[in-house]
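Let's take a walk through this model together. Please open the sequence and the coordinates side by side before reading on.

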Amino acid sequence: MQSETLTNHYEETKSFGLRDIVWAAFVIIGSLLAWDQYGHNMDVYEDAILGAVAIGLIWLGRFWPSFQPVTVMVTLLSVLAIYTYASHGNVISANEQAFFLKYLISSQSAIMWMNALFILAMVTYFLALYQRSEFTGKVATSMVWSAAVFGLVGMMVRWRESYIINVEYGHIPVSSLYEVFILFVVLTALIYLYYEQKYKTKTLGGFVMLVISAAVGFILWYTFDREAHVIQPLVPALKSWWMKIHVPANFIGYGTFSIAAMVGLAYLITAKVKEKNPNSGFVKRMPSLELMDDLMYKNIALGFAFFTIATVLGAMWAAEAWGGYWSWDPKETWALIVWLNYAAWLHIRMSKGWRGKPMAWWALIGLLVTTFAFLGVNMFLSGLHSYGEL
Amino acid sequence: MTQETVHTATPRKQRVLLDFLGSMNLAVTLLVMLSIASVIGTVLQQNQATQDYIIKFGPFWAEVFNSLGLFHVYGAAWFVLVLVFLLLSTSVCVTRNTPGFIKDMKQFSEKLSLKALQHQPQHTEFSSNADLQTEQARVVKTLQTQGYKTKVHAHDDGSVTVAGLKGRWNRLGYFFTHISIVVICIGALLDSNLLLKYRELTGNLIPETRTISLKEVPQTAWLGPENMSFRGSVNVPEGQKTDVLFLPYEDGYLVQKLPFMVEVKDFRIEYYDTGMPKNYESDLVLTSPELDEPIVKTIAVNHPLYYKNYAIYQSSFGDGGSLLNLKVHPLLSPVENPITLNTAVNKIEPLKTPIGKFNAEFNDFRLFNMVPTTEEEKAQTGKKFHNNGPSIIFKVRNEQGKAWEYENYMSPSFQENRWFYMTGVRTINSEPFRYLFIPADAKRQKTRFFKFLALINNPVENTRVFKEAFPQSEQTDDKTYALQIRLMQQLMTLFRAKGFDGISEFINNNVPEEERQKVGDYYFGQTSFALQSLFLDILKQEGVQPASDADVSDFDKQWFEDALTAINTIPHYGPPMYFELESFKHIQSTGLQITKSPGKDVVYFGSAMLIIGVFFLFYVRQKRIWVNLRQAENSGDQADEAGTDITVAGKDNKPLPETETEFERLVHLLRTPNH
């Protein structure tokens with residue numbers, strides 16, 4: 001058995017296979033069609049971003065083949081939604097008339113499906129952990145996949161809807177707190193799925209879904225209590241292609257930091273149970289402490305890298321929009337604090353060689369810092385970044 | 001900042017210091033300090049006026065916080081000191097680790113003995129039937145196809161070690177990340193106001209704190225174009241030009257002279273249907289003695305103008321001194337005699353009135369006031385917002401310095417099926433405006449309202465009207481009649497001074513409790529009779545002659561009620577004056593931000609280095625592999641079959657769970673011929 005898996009490992013080919021060619025063709029044709037359809041709204045930077053996204057998708061699909069069907073599904077459903085809107089005369093009220101839009105893939109419906117699926121996935125993951133059922137675990141995983149697809153469809157369709165409501169309002173849905181929360185849950189789920197697949201860690205699913213469900217709870221409150229889902233026009237400062245790269249890069253950081261914190265939580269619980277009863281079934285079902293420790297590191301490293309990029313991009317954008325790359329604006333400052341926090345975490349781990357419990361605690365506390373940077377700043381502090389006030 | 005220390009022959013004391021500076025503990029302490037300082041800077045609002053802090057924290061704590069520099073954290077000496085130490089610590093760390101790391105990047109450690117190899121984290125041994133040379137060639141080839149750089153060393157005992165090294169860039173990642181921090185700090189330093197601080201300390205720079213005209217700003221608050229870096233802003237009205245900039249500095253500001261002139265030809269702003277600004281832009285003409293042709297460019301948010309090492313940004317907009325033609329209506333005057341006032345936004349007008357001297361400070365003019373529509377209106381017009389029209393924001397300040405802030409609309413707005421002129425007042429900045437609704441007459445004007453008001457205010461006219469409306473009957477003697485008329489007049493005086501509350505107050509103060517109910521009913525009856533008579537007189541003046549109350553139209557009845565509501569609140573309106581905006585000429589100003597930032601490119605360079613470094617550091621793993629090959633010690637009888645004993649050892653500078661599997665995989669490849 002051991003040798004079998006090993007051989008599989010050796011056989012992995014790095015050459016460009018048929019599937020890769022089909023994939024690349026799909027991405028290229030899709031991008032070209034999108035460009036043909038909407039290119040007149042794009043400036044040269046946005047053309048470049050589209051090109052880079054296409055290349056990135058081709059690479060991502062090769063690196064992580066499971067992302068291919070997700071992309072295909074999202075494309076098909078989004079195109080179906082856009083087509084349905086178009087066949088209803090491109091009016092926003094179509095989302096209450098057309099069946100598909102009303103119940104499935106208008107941005108609001110898709111996002112609601114996503115919300116429901118994420119919460120169900122959390123319950124199912126914990127059920128699987130309790131039942132020791134592999135099947136239940138698989139069901140949970142497929143729920144997360146579906147939720148991610150719905151979330152992405154929701155964002156794509158919302159993007160189109162913003163133009164349908166009023167061409168002047170049109171913008172990529174990463175501009176308000178509501179929109180970035182959706183981005184956050186989708187990215188977190190996808191990154192988690194990657195690690196789950198790679199390290200076979202379904203038992204961690206419930207823990208990661210905890211933070212996602214909390215975010216979903218926020219989205220629901222924000223939707224029903226504050227009507228934050230209503231598409232608003234952009235303030236002039238946000239009208240820039242920088243937003244398309246700055247925000248997603250930031251949220252890869254936030255997502256991975258959250259996963260790291262939840263893995264840290266799982267680590268601490270497992271370590272505690274193990275201390276009391278090393279042979280407990282729970283400990284056996286959970287991934288090894290070493291693996292969890294490593295997952296924390298991998299997530300924080302990935303997040304740190306992207307957070308660095310996002311902060312630098314943010315500084316460059318600030319230089320263009322506000323006239324200075326650094327203004328000690330509360331959001332900027334808190335980004336720096338988050339960055340310093342994880343920089344210290346990485347230093348301690350890499351050069352002092354700390355492992356295990358203290359690092360897990362630190363990752364968990366790191367989430368508090370991150371959450372404050374993400375939410376608290378909007379709630380309690382005012383500044384230039386006041387785009388999503390609570 | 002790593003464990004690996006390189007021993008050099010520096011004198012002891014110096015080494016202790018360097019060890020301290022380069023220590024991980026110091027580095028992490030500094031990072032934590034920087035974080036905490038940053039937190040303080042965001043929680044405590046920075047760079048506010050000293051009085052605001054005193055109000056917030058009290059004089060004692062405001063003083064303590066101030067001396068700790070907590071109100072200007074990011075410019076405080078101790079904060080800069082932390083940064084400097086971080087810079088030193090990082091530099092020491094880099095210098096100390098450089099020789100070792102360079103060596104580590106270059107060396108293959110091919111000379112390690114077999115014993116040393118067997119002590120590596122991963123190692124395994126096997127034998128092959130092929131001879132040494134064949135195996136050696138195969139090992140070299142396999143390692144190279146796996147991305148290793150190789151080096152072969154023939155040991156004295158005839159054995160051979162093939163050493164492989166992969167992912168050397170990981171070490172570069174260390175240099176890049178750490179040097180980038182130094183680079184970024186240097187860039188930031190270039191853009192900091194350290195030189196200004198120095199000039200302030202030596203006394204030839206004193207920031208200005210007063211709001212005075214440019215000519216009055218003393219030379220000690222001026223900076224010449226030689227100033228290396230700055231970031232400031234200036235408001236320029238349309239059609240005007242500037243060659244100065246205001247730099248916020250501590251509690252005040254400095255005036256920066258620019259080596260060029262910026263003229264604002266035009267300013268435009270577009271709005272969404274929500275009334276939110278959609279885009280704003282300025283047409284600029286930049287002239288400089290160094291330029292043959294002036295630069296003409298339109299700047300907008302996110303689209304600045306770059307000129308040499310200066311950048312000009314569209315940062316805000318405001319009123320550039322719109323011309324306002326006002327009529328000031330005295331609210332207590334017995335005759336209608338509004339004063340005409342031609343002024344402009346940002347001007348202060350002194351007003352002499354019978355009730356004292358006032359200053360009217362005109363702060364802002366708004367061309368649009370978009371408000372969300374009501375459900376009904378939405379159903380009618382389909383619009384989510386409607387425009388309430390132009391408004392002025394101004395303050396009226398009395399001689400004691402107390403100010404009332406007003407927001408007056410030029411056009412009437414439609415509320416509950418009637419048209420009203422709205423005027424808001426407040427005395428505290430943070431409070432919302434409380435509105436007075438002046439009912440519009442049939443022609444949608446305020447004419448009737450001011451007429452009515454003047455009539456109420458005029459005792460002589462009052463008497464005439466009351467006498468006409470309430471002729472002396474034969475039963476009443478002269479004295480009683482005169483008393484009755486006087487009572488009505490007094491009630492009017494009370495009403496216009498303090499509203500209906502004034503009448504209640506009067507009753508409470510002067511009438512014994514048991515009679516209050518009765519007297520109150522009578523007084524209020526008289527009051528309303530008096531007011532109605534006055535109103536009927538107004539109607540008469542307008543040419544309407546209602547035979548009885550029932551003949552008064554519904555519109556006029558409603559108007560009368562609304563007018564009384566408005567007059568009733570005038571006593572809470574502040575100084576009794578109403579500023580009517582008759583006409584205006586809108587002049588906008590553009591808020592420009594101009595920077596000179598020599599450190600920007602340095603910071604960007606450092607940032608790029610940082611990103612590249614982070615990826616090298618995390619995603620390039622430095623891996624070493626050693627393959628020791630030696631002639632198998634045969635049992636002797638098969639001398640021609642020269643087998644080879646092989647020891648494979650590996651080391652990953654960042655051991656991960658996959659390290660083991662990868663090593664096994666490599667060993668598998670090395671064991672499998674013909675791969």
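Predicted model: local features only at pLDDT ≥ 70, side-chain atom pairs only at ≥ 80, totals over all residues.

Residues are numbered from 1 along each chain as its sequence is written, while chains are lettered from A and ligands numbered from 1 in the order in which they are written.

Chain A is divided into domain 1 (19-63) and domain 2 (72-234), with bounds that come from an automatic or database domain assignment. The C-alpha centres of domain 1 and domain 2 of chain A are 22 Å apart.

Now find A:Met155 in helix H7 of chain A, residues 134-165; helices (H or I, at least four residues) and strands (E, at least two) are DSSP runs, numbered from the N terminus. A:Met155 counts as buried because 22 other C-beta atoms lie within 10 Å, the cut-off being 20 or more, with C-beta atoms placed from the backbone. Leaving aside residues up to four places away in sequence, A:Met155 touches A:Pro173, A:Ile182 and A:Leu183 (contact: C-beta atoms, placed from the backbone, within 7 Å).

Over in chain B, five strands form an open antiparallel sheet in the order E1-E26-E25-E3-E2; strands pair if DSSP finds at least two bridges between them. Strand E1 (122-128) and strand E2 (149-154) of chain B are the edges, each pairing on one side only. Within this sheet, strands E25 (623-631) and E26 (644-652) of chain B pair in the antiparallel sense over nine bridges, and B:Lys623 stands opposite B:Asp652 in E26(B).

Conventions: Buried ≥ 20, exposed ≤ 12 C-beta atoms within 10 Å, placed from the backbone. Contact = placed C-beta atoms within 7 Å.
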